[in-house]
Amino acid sequence: MIDTATTDRGPVASSAAGGDAIIRVHDMHKWFGAFHVLKAIDLTVSRGERIVICGPSGSGKSTFIRCINRLEEHQRGLIEVDGVELTEDVKHVETVRREVGMVFQHFNLFPHLTVLENCCLAPLWVRKTPRRDAEATAMQYLERVRIPEQARKYPGQLSGGQQQRVAIARALCMQPKIMLFDEPTSALDPEMIKEVLDVMIELARSGMTMLCVTHEMGFAKTVADRVIFMDGGEIVEQAPPSTFFNDPQEPRTQRFLQQILAH
């Protein structure tokens, strides 16, 4: 843990998010079979806001952020991203996915493509970006995550930390409005965690809207505007970091923090 530190809009839903909200979730539920994994989730995220979501394993954190770009389908309630409601309408789903980048726990890079090719793939096929422009943008973001010299290598030739930085660059190459991170450091060796968190801190400070599922509480203290604690498929508590860590209100939050901050 650390202690410190644009675009074809597509179809738009009739009910745009109010104010400066870029994500709006209301009374959202999800089931896996008979298991009620997410229960009455309500959340509004402002443009440029940085949110850290934490909680015990099995609390629904990863499922929740996967619902935001329809990698998981919710069964009830509203999810609206930049004015587009996520429904069964494929065009709406495609529109949202163009604007939401995601970085997974496991890097999900294509092993048979070079780093540069991994980064160019989505802009070439989804945004129809000319190859020269796609490669220039890819190199820009590889510079930003501090590994431009790895552009011609294959993922298997890189460390875990380097691969995760490639995954971040790849997501940024689509120039998304929102970045989702699903426990991006949990598969890394301890010495590689800081290099990935440093990149994420720089990205957060650039003004990107971010939702990050993580147990890295130092990261939460450094960059989050709001920390959300989930347990049992519910949002139990949310507050600015200073309040969340120094004066948690709910007993479940207090127990979680005692356990995780003791390590």
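Is C173 buried or exposed? In this predicted model, C173 counts as buried, because its relative accessibility is 5%, and buried means under 20% relative accessible area.

The mean pLDDT of the protein is 90. Of its residues, 92% reach 70 or more. Residues 1-18 are a stretch where pLDDT stays under 50. For residues 1-18 the model has 47 contacts beyond four places in sequence. Where pLDDT is low, the predicted coordinates should not be read in detail.

The strands considered here form an open sheet. Its 6 strands follow the order β6-β7-β8-β3-β9-β10. The pairing is mixed. Strands β6 (100-103) and β10 (234-239) are the edge strands, and each pairs on one side only. On average, neighbouring strands of this sheet are turned by 20° against each other, direction ignored. Within the sheet, β3 (residues 50-54) and β8 (residues 209-213) run parallel. They are joined by 4 bridges. I51 stands opposite L211 in β8.

Two helices that pack on the sheet can be described in turn. Helix α1 touches β3, β6, β7 (178-182), β8 and β9 (226-231). The direction of α1 makes about 150° with that of β7. Helix α6 (residues 190-205) also packs on the sheet, where it touches β3, β7 and β8. The direction of α6 makes about 145° with that of β8.

N69 counts as buried, because its relative accessibility is 5%. With residues up to four places away in sequence left out, N69 touches L86, V96, R97, V100, M102 and L180.

Helix α3 (residues 115-125) has a set of buried residues. These are V115, L116, N118, C119, C120, P123 and L124. The cover over the buried residues of α3 includes α4 (131-144) and α5 (160-172).

How many disulfides does a search of the whole structure find? The search finds 0. A disulfide is a covalent bond between the sulfur atoms of two cysteines. The cut-off for a disulfide is a pair of cysteine sulfur atoms within 2.5 Å. For C120, the closest cysteine sulfur is in C173, at 6.6 Å, so the two are too far apart for a bond. For C173, the closest cysteine sulfur is in C119, at 4.5 Å, and this too is too far for a bond. C120 is buried, with a relative accessible area of 2%.

Most residues other than glycine have a negative phi. D82 is not a glycine, yet has a positive phi of about 50°. D82 is found in the loop between β4 and β5 (84-85). K128, also not a glycine, has a positive phi of about 60°. The loop between α3 and α4 is the place of K128. K128 is exposed, because its relative accessible area is 61%, and exposed means over 50%.

How values were computed: Residues are numbered from 1 along each chain as its sequence is written. This is a predicted model: local features need pLDDT of at least 70, side-chain atom pairs count only at pLDDT 80 or more; totals for chains, interfaces and linings use all residues. Side-chain values use heavy atoms; hydrogens and water are left out. Buried means under 20% relative accessible area, exposed over 50%, partly exposed in between (1.4 Å probe, protein chains only). Contact means heavy atoms within 4.5 Å. Two strands pair if DSSP finds at least two bridges between them. Axes are lines fitted to C-alpha atoms, for helices over the stretch in contact, and angles run from 0 to 180 degrees between N-to-C directions. pLDDT is the predictor's confidence in each residue, from 0 to 100.
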